[in-house]
Amino acid sequence: MNHLQQPPVDECFPCNLKYEAIFRHLVLLQGEKYTFKTQNNRYLLFLLSGKIKINLNEYKNQLILREEMVFVSKNSDCQIELQEDCDLLLLRYSNSLIPNTHLLSESFYQLKSQITYECKGIPIKPEMKSFISQLLFYLNAGINSRYLHEIKQIELYLIFKYFYSKEEVVRLFYHSIGQEPEFTDAVLSNYKNSKTAKELAAKLGYGEKTFRKIFKYNFGTTPYRWMQQQIAREIQFKLFDKRIPLKEIMFDFGFTDSSHFNVYCKRNFGHPPSFIRNQMRNIPLQPIATKPKPIK
């Protein structure tokens, strides 16, 4: 069975559920590469067996091992390459119970300020293994009800609450933890379609002064500085992908000539773009013969 071709979710209950969450069981082969569509979604990836290499934003060629999980936040640049045949469970969700109230409390936000994020897998504990085993039993039996996906996500929330430490939760959901989750989510959903902080504030219905205050409270920096950091992160991610011509990157980000682009890269990354592309990789990406397959 090709697990990428999982059947549509059944609407078998007359319920009006608020959240959207889809679990998928995937069996993938060594050497395959996939990209994640994260504009409106977040992902939790549970690696049940095998080994993958992940490129997540500015973190390149990070290894995720069997019985580890990793989180991909909204509007991230993410690609995985399978180092071995892999068996994995993937949760895709938009507005969600994960992380929920207890994950977004002030104590979690304060702990986040004390932690430096590392793109590493978090262990799948025995309680999580039991949860995954039961869920796979349902999915493999052909039970693909939307109601099942929703209630299993609630159960997953409880596992994080009672069987994982605060530090483990913060390290996993680092990029989705803020003081006000609805505001944080709105920013992540709209910033790529906004040229300036003023435009982003208008889209979210705030005046500039109020927006700056709320933004600083949630992100710990100014809207302008944060948006510039996101642009730099995206440029860096594209520079590492040798399939993308430098001229295309320049055009996409509004640089009028190569000299301005060189100055930008030297200022933000310490080196010109050609040096970054050819020299700044610990482990170079393998050439990709075909376009990576999107995971929806």
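This briefing covers aromatic pairs and salt bridges in the structure above. The model is a predicted one. There are 17 aromatic pairs in total, and a search of the whole structure finds nine salt bridges.

**Aromatic rings**

- Tyr 191 and Trp 226 form an edge-to-face pair, because their ring centres are 4.9 Å apart and their planes stand at 75°.
- Tyr 191 sits in the loop between helix H5 (181–190) and helix H6 (197–203), while Trp 226 belongs to helix H8 (residues 223–239), so this pair ties together parts 35 residues apart in sequence.
- Tyr 191 and Trp 226 are both buried.
- Tyr 264 and Phe 269 are another edge-to-face pair, with 6.2 Å from centre to centre and 80° between the planes.
- Tyr 264 is buried at 8% relative accessibility, and Phe 269 is buried at 17%.
- One aromatic cluster is made up of Tyr 191, Tyr 206, Phe 211, Phe 215, Phe 219 and Trp 226.

**Lys 125**

- Lys 125 forms a salt bridge with Glu 168, at 2.9 Å from N to O.
- Lys 125 lies in the loop between strand S9 (122–123) and helix H2 (126–140), and Glu 168 lies in helix H4 (residues 166–172), so the pair ties together parts 43 residues apart in sequence.
- Lys 125 also lies over the face of Tyr 164, 4.6 Å from the ring centre.
- The relative accessible area of Lys 125 is 22%, which makes this residue partly exposed.

**Other salt bridges**

- Glu 199 and Lys 203 are joined by a salt bridge with closest N and O atoms 3.8 Å apart.
- About one helical turn separates Glu 199 from Lys 203, because they are four residues apart in helix H6.

Technical notes: Residues numbered from 1 in each chain as written. Predicted model: local features only at pLDDT ≥ 70, side-chain atom pairs only at ≥ 80, totals over all residues. Heavy atoms only, no water. Phe/Tyr/Trp six-rings, centres within 6.5 Å; stacked < 30°, edge-to-face > 60°. Helix = DSSP H or I, 4+ residues; strand = E, 2+ residues; numbered from the N terminus. Buried < 20%, exposed > 50% of the residue type's maximum accessible area, 1.4 Å probe, protein only. Lys NZ or Arg CZ within 6 Å of the ring centre and 35° of its normal. Salt bridge = Lys/Arg side-chain N within 4 Å of Asp/Glu carboxyl O.
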